Amino acid sequence: MPGGRLTAVTDRWLLVHPPLLGPAVLGPLAARLRESGAAVAVPDLRGLVQDPASALPSAAGWDRRWAGAVGPADVVVAFSGAGMVLPAVAAACAARRAVWLDAVLPPVSGPARWPAEVRGLVAPLTADDGRVADWTTWWGPDAMAGLLPDERVRAAVLAEGHRLPAGLWAEDVAVPPLTAEPRYVHLSPAYDADAAVARARGWEVAGDGRGAHLDVATGPARVAALLA
């Protein structure tokens with residue numbers, strides 16, 4: 001891996017979707033990486049957010065279940081909210097590189113707590129059953145067509161829409177010591193603060209944050225180049 005860069009042809013990649021979405025949002029990026037010869041896994045972890053031992057919509061322990069569900073990988077890429085559990089997932093699969101892709105950056109050591117602005121956004125979207133509205137409905141009936149103009153990609157993402165327990169955003173996430181080399185890929189202005197923290201920690205940061213969060217689905221070639 002000359003110069004610390006990723007080597008797509010030889011690495012095993014694990015792409016981790018955020019809790020609010022399913023793996024389809026990372027499908028175009030996975031396809032682009034596979035075109036380069038990489039072995040790419042994009043597991044569906046949605047069902048592991050609900051606590052199977054509870055009759056209530058509790059998300060307690062979701063981070064441990066996610067970490068326990070992954071296999072070995074050389075490079076783990078966590079998108080958006082999945083950045084909260086990246087240290088645990090990277091340790092579980094013995095990765096040598098952990099990449100936050102326009103993702104929430106947890107503290108160096110735990111526990112991590114969801115940003116206040118995220119918790120504030122979720123609160124009014126919580127129904128009487130303790131679950132939060134499907135993310136694909138948050139922005140109005142026509143928003144997804146603009147965010148994901150490709151009909152096939154949009155249909156796949158919408159088909160994976162799901163309602164999460166509101167307790168997920170109240171749960172602290174344990175942050176084990178980071179065992180993999182860190183990197184941050186900055187796509188959108190929404191993650192300016194996280195990218196700035198990554199730089200302050202001395203991490204390599206790729207991207208200028210002038211794109212869109214869903215470039216992972218709408219501009220996979222550009223995102224793959226930032227990962228490379």
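How many nonpolar, polar and charged residues does the lining of the largest pocket have? By class, the lining holds 20 nonpolar, four polar and two charged residues; here Ala, Val, Leu, Ile, Met, Phe, Trp, Tyr, Cys and Pro count as nonpolar, Asp, Glu, Lys and Arg as charged, and the others, Gly among them, as polar. The model is predicted, with local features needing pLDDT of at least 70 and side-chain atom pairs counting only at pLDDT 80 or more, while totals for chains, interfaces and linings use all residues. Residues are numbered from 1 along each chain as its sequence is written, and side-chain values use heavy atoms, with hydrogens and water left out.

About 640 Å³ of space lies in the largest pocket, a volume being the space filled by probe spheres set on grid points that are joined across faces, edges and corners. On a 1 Å grid over the protein atoms alone, a pocket is an open set of points where a 1.4 Å probe fits, with protein on both sides within 12 Å along at least five of seven lines, and lining residues have an atom within 4 Å of a point. The lining comprises 26 residues, and S80, V118, A190, Y191 and H213 lie nearest the centre. Helices α4 (116-122) and α7 (192-200) each supply at least two lining residues, and α4 gives the most, with three. Helices (H or I, at least four residues) and strands (E, at least two) are DSSP runs, numbered from the N terminus.

S80, one of the residues nearest the pocket centre, sits in the loop between β3 (75-79) and α3 (86-92). Phi of S80 is near 60°, a positive value in a residue other than glycine. S80 is buried, at 12% relative accessible area, where buried means under 20%, exposed over 50% and partly exposed in between (1.4 Å probe, protein chains only). Another positive phi, near 45°, belongs to D102, which is found in the loop between β4 and α4. D102 is buried too, with a relative accessible area of 0%.

Salt bridges come next, each defined as a side-chain nitrogen of Lys or Arg within 4 Å of a carboxyl oxygen of Asp or Glu. The count comes to nine. In one of them, the side chains of R113 and D172 meet at 3.0 Å, N to O. This pair links distant parts of the chain, 59 residues apart: R113 is in the loop between β4 (97-101) and α4, and D172 in the loop between α6 (151-159) and β5 (181-185). D129 and R163 form another salt bridge, at 2.9 Å, N to O. D129 lies in the loop between α4 and α5 and R163 in the loop between α6 and β5, so the pair ties together parts that are 34 residues apart in sequence. D129 is partly exposed at 39%, and R163 is partly exposed at 36%. R183 and E204 also meet in a salt bridge (3.2 Å, N to O), joining strand β5 to strand β6 (residues 204-206) across 21 residues. R183 is buried, at 1%, whereas E204 is partly exposed, at 32%.

L147 is found in helix α5 (residues 143-147) and is partly exposed, with a relative accessible area of 34%.
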